[in-house]
Every structure is written in C-alpha cells, then in structure tokens.
Amino acid sequence: MINISKPVIGQEEIDAVVSVLKSGMIVQGKITEELEKKFAKYCGTKYAVAMNSGTAAIHCGLYALGIKEGDEVITTPFTFVATANPILMQNAKVVFADVSEDDFNIDPKEIEKKITKRTKAIVAVDLYGQIYNYEATKKIARKYKLKLLEDACQAVGAEYRGKRAGNFSDIAAFSLYATKNIMSGEGGLVATNSPEIAKKCKMFRHHGQSEDKRYEYLDLGYNYRTTDILAAIALVQLKKADKLNRQRVKNAKMLTRGLSGIHGLILPKIKNNFTHVFHQYTIRVTDDFPLSRDELLEFLKKKGVDGGIYYPKPLHLHSHFIKQGYKRGDFPVSEKLSSQVLSLPVHPTLKDKDIEQIIKVIKDSQNGR
Ligand SMILES: *Cc1c(COP(=O)(O)O)cnc(C)c1O
C-alpha cells in the first residue's frame with residue numbers, strides 16, 4: 001500500500017529521545033526552550049512558545065488575544081475541527097465564513113459580510129500547506145480593528161512574498177502531530193512578534209501561573225505543557241524541515257505533470273508569490289470525471305494507493321455547530337468542496353515509482369481497469 005502519510009523517523013530522532021530519557025530530566029525544560037528559540041528563528045518571528053498540541057496552541061492564542069465570553073470569532077467551516085473548537089472553549093461564538101474555490105481558504109469577501117459589533121477576531125487557516133489570502137484579510141482586520149490568528153498547523157515553512165508562515169497574524173499556531181510536515185507524535189507551538197502575547201501563552205500553558213512567582217495564579221489556565229522528550233524529536237525535525245518540504249514540492253510537481261489534462265479533475269493551484277508546502281496534495285473530482293470521488297477513492301485503495309478526504313463534512317454540519325443554528329446550504333462552496341476533494345499521497349518518503357503508480361492508477365480508473 002502507498003500510504004497517505006508516513007512520519008520520517010531517523011536514528012537522529014531516536015538518539016535525541018534516548019538522550020533526554022537518560023538525562024532523567026524529561027518534563028518541559030531546557031530542550032523545550034531551545035526548540036522555542038530555534039522555531040522562532042525558523043519562522044522569522046521574535047517568539048515561539050511550545051505546547052502539547054496544535055489545539056492547545058490555538059486555544060492559547062485566542063486567550064492571549066483576549067477572546068472571551070460573548071465575543072464573535074470568524075473562521076472557516078472547511079478545516080479540521082481543532083480550528084474552531086478552541087473558540088467554543090473560550091465561550092465565544094463561532095461565526096463561519098465560506099471559503100474560496102481556488103485556494104480552499106477563507107474568502108475575505110465572505111468575512112466582511114459576517115462582521116458585527118461583537119466580532120473580535122478572525123481565525124484564518126493555511127489549508128493543505130498554502131498561506132491564506134493575507135493581504136485582503138489584513139485590510140479587513142485593520143478596518144474593523146479585529147485580531148488575527150493564523151492556523152498554520154499544516155503550513156510550517158510555507159511562504160508568502162518570502163516570509164514564512166507565522167508572520168501573517170498577531171499570533172500563529174502550529175502542530176507537531178505525527179502526520180504534519182514536521183512532527184513529534186503530538187505537540188504544537190505558537191509564533192508571534194508580541195512579547196505580551198508570548199507571555200500570556202506561557203501563563204495559560206501552565207494554569208495561569210505568574211512567571212515571576214511560583215504557585216501564584218493570575219488567571220484560569222490549563223496544563224498545555226509539553227515535554228523535553230517531544231521537544232527533542234521536534235528539534236531534529238526542524239533541522240530537516242526545508243529538505244522535507246522540498247521533497248513534498250517535488251512530489252507535487254510530478255503529480256501535477258502526470259495528472260494534468262485529465263478531464264474532470266481539478267489539480268491544486270499555487271498562487272502567485274506563494275510557496276505551497278503541500279501538507280496535502282488535494283485534487284477535486286468533479287461531475288465530469290467518469291467516477292464519483294468516493295468511487296475513485298475506492299478504486300485507488302483496491303489498487304494499493306491510499307487516499308484521504310480532508311474533510312468529508314464541513315464543520316457547520318456537525319452536531320455541536322448545528323445546535324448553534326447552522327444548516328445545509330449555509331456555506332455552498334465548503335459543501336461542494338467537501339464532496340469533491342481527494343488528497344493523494346505526497347509525503348517525503350515516496351519514491352518516483354510510487355508517484356508514477358499513483359498517476360497510472362488514476363488514469364486507469366477512467367476506464368475502470
Ligand atoms: C492538525 C491541525 C490542528 C490541530 O493540531 P493537533 O496538534 O492535532 O491538536 C488544527 N488545525 C489544523 C488545520 C490542523 O491540520
């Protein structure tokens with residue numbers, strides 16, 4: 001089977017873990033601090049704060065931006081549920097705005113329609129590894145004095161005009177989950193240029209404890225701390241980030257070359273001035289293709305190629321959002337995309353012959369062979 005994702009784990013990662021275990025200091029400590037410094041440097045931001053998940057990073061980010069009960073936060077329904085749930089964790093209201101067809105990311109025109117007196121922030125996602133429409137979104141944020149959070153969980157190393165993900169908001173959140181472009185099994189980080197925001201994240205990560213005085217709690221917080229075991233893996237992965245991303249881009253190019261011109265398939269577009277890091281290589285299977293999306297996925301699996309559907313149902317159609325009054329038809333673009341998208345393997349451990357096989361199977365599927 002050609003897997004849809006596969007973590008790259010070398011001897012260096014193993015040695016790093018063993019060394020932390022042998023040191024006896026396994027909780028969040030010096031190695032985590034080193035990861036935070038190097039991750040900030042990699043992103044080109046002043047600060048980074050490590051957590052135990054990307055979800056925790058988004059939650060910390062919202063807290064640090066001051067999101068609280070009664071606030072409205074605008075985000076996309078076409079994303080992983082962890083983008084939106086932290087808004088609810090802060091007792092704020094999730095206000096969805098539909099996405100744009102060409103980059104799968106939140107559509108600035110739709111954002112503007114959803115703004116009310118209560119709107120406090122926008123959470124934009126860099127879905128599949130391409131940064132969202134920053135310029136237009138930033139303009140809206142400025143006009144209405146809204147905070148901006150970048151969910152960059154799928155986009156470590158992605159660029160817009162030469163700047164890396166992490167620089168397109170007041171605070172950005174990253175994930176180190178096993179399938180992400182760099183990983184430590186579980187884990188996450190925030191990146192920001194604001195010392196106040198970084199400080200608040202550190203507090204929130206550790207029960208709201210004052211940085212100056214132990215056992216003095218300044219606000220409600222959680223246990224979102226990470227461990228030096230995870231940080232040690234992430235440090236090794238960070239060194240390889242560019243190499244791993246380059247391999248993904250190369251694989252994506254090969255897929256695009258092989259699949260272009262197939263009637264009924266829409267291939268991923270790379271926007272001008274953007275560097276896509278292809279966390280996912282996602283095609284759209286339209287009605288003009290001989291097989292439905294689900295039939296094509298079935299065919300691929302039968303022929304030994306795994307595929308993924310990210311995401312089969314937009315968030316507004318899940319029960320805890322339906323309860324808030326959302327219904328089918330509210331976000332037509334997201335609903336259409338969720339019925340068309342199919343992600344193909346693009347991860348760095350694929351061989352050229354694997355990619356040739358993926359292309360061949362898709363071509364064969366057209367005549368059901
Ligand atoms: C992975 C991911 C998250 C959450 O990350 P976890 O580390 O799994 O908590 C959030 N948003 C998006 C878009 C993701 O892909």
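Ile-14 is located in helix H1, which spans residues 11-23; helices (H or I, at least four residues) and strands (E, at least two) are DSSP runs, numbered from the N terminus. The model is predicted, so local features need pLDDT of at least 70 and side-chain atom pairs count only at pLDDT 80 or more, while totals for chains, interfaces and linings use all residues. Residues are numbered from 1 along each chain as its sequence is written, and side-chain values use heavy atoms, with hydrogens and water left out.

With a relative accessible area of 41%, Ile-14 is partly exposed; buried means under 20%, exposed over 50%, and partly exposed in between (1.4 Å probe, protein chains only). Together with Ile-9 and Val-18, Ile-14 makes a nonpolar surface patch of about 240 Å². Patches are made of residues with over 30% relative accessible area and no salt bridge, where like charges are joined within 9 Å and nonpolar side chains (Val, Leu, Ile, Met, Phe, Trp, Tyr) within 5 Å. Accessible areas come from the Shrake-Rupley method with a 1.4 Å probe, and for residues only the protein chains shown count as cover.

## Helix packing around H8

Helix H8 (residues 228-259) and helix H2 (residues 30-43) have axes that come within 7 Å and cross at roughly 25°. Axes are lines fitted to C-alpha atoms, for helices over the stretch in contact, and angles run from 0 to 180 degrees between N-to-C directions. H2 and H8 are therefore roughly parallel to each other; angles under 35 degrees count as roughly parallel, over 145 as roughly antiparallel, 65 to 115 as roughly perpendicular and the rest as oblique. The crossing in which H2 passes H8 is left-handed, a term for a near helix turned anticlockwise from the far one by less than a right angle, with right-handed used if clockwise.

H1 also packs with H8, at an angle of about 150° and with the axes 8 Å apart. That angle makes H1 roughly antiparallel to H8, and the crossing of H1 and H8 is right-handed. For H8 and helix H12 (residues 352-365), the axes come within 10 Å and cross at roughly 30°. H8 and H12 are therefore roughly parallel to each other, and H8 passes H12 in a right-handed crossing.

Val-236 has its place in helix H8 and counts as buried at 7% relative accessibility. The C-alpha atoms of Val-236 and Lys-68 are separated by 37 Å, with the two residues 168 residues apart along the chain.

## Salt bridges

Side chains of opposite charge can pair when their charged atoms come close. A salt bridge is a side-chain nitrogen of Lys or Arg within 4 Å of a carboxyl oxygen of Asp or Glu, and by this rule the count comes to 19 salt bridges. One of them joins the side chains of Glu-12 and Lys-239 (2.6 Å, N to O). This pair links distant parts of the chain, with Glu-12 in helix H1 and Lys-239 in helix H8, 227 residues apart. Glu-12 is partly exposed at a relative accessible area of 39%, whereas Lys-239 is exposed at 62%.

Arg-205 and Glu-36 meet through their side chains in a salt bridge (2.9 Å, N to O). Arg-205 lies in helix H7 (residues 195-205) and Glu-36 in helix H2, so the pair ties together parts that are 169 residues apart in sequence. Arg-205 counts as buried at 7% relative accessibility, and Glu-36 counts as buried at 8%. A further salt bridge is formed by the side chains of Lys-336 and Glu-101 (2.7 Å, N to O). Lys-336 is in helix H11 (residues 332-340) and Glu-101 is in the loop between strand E3 (93-96) and helix H5 (108-113), 235 residues apart. Lys-336 counts as partly exposed at 33% relative accessibility, and Glu-101 is partly exposed with a relative accessible area of 33%. Salt bridges that share partners also join Lys-68, Asp-71 and Lys-120 into one network.

## Backbone geometry in loops

Most residues other than glycine have a negative phi, and most peptide bonds are trans. Tyr-310 and Tyr-311 are joined by a cis peptide bond, with omega about 10°. Tyr-311 lies in the loop between helix H9 (293-302) and helix H10 (319-322).

Asn-273 is not a glycine, yet has a positive phi of about 75°. Asn-273 lies in the loop between strand E10 (265-266) and strand E11 (274-275) and is partly exposed, with a relative accessible area of 44%. Phe-278, also not a glycine, has a positive phi of about 45°. Phe-278 lies in the loop between E11 and strand E12 (281-285) and counts as buried at 3% relative accessibility.
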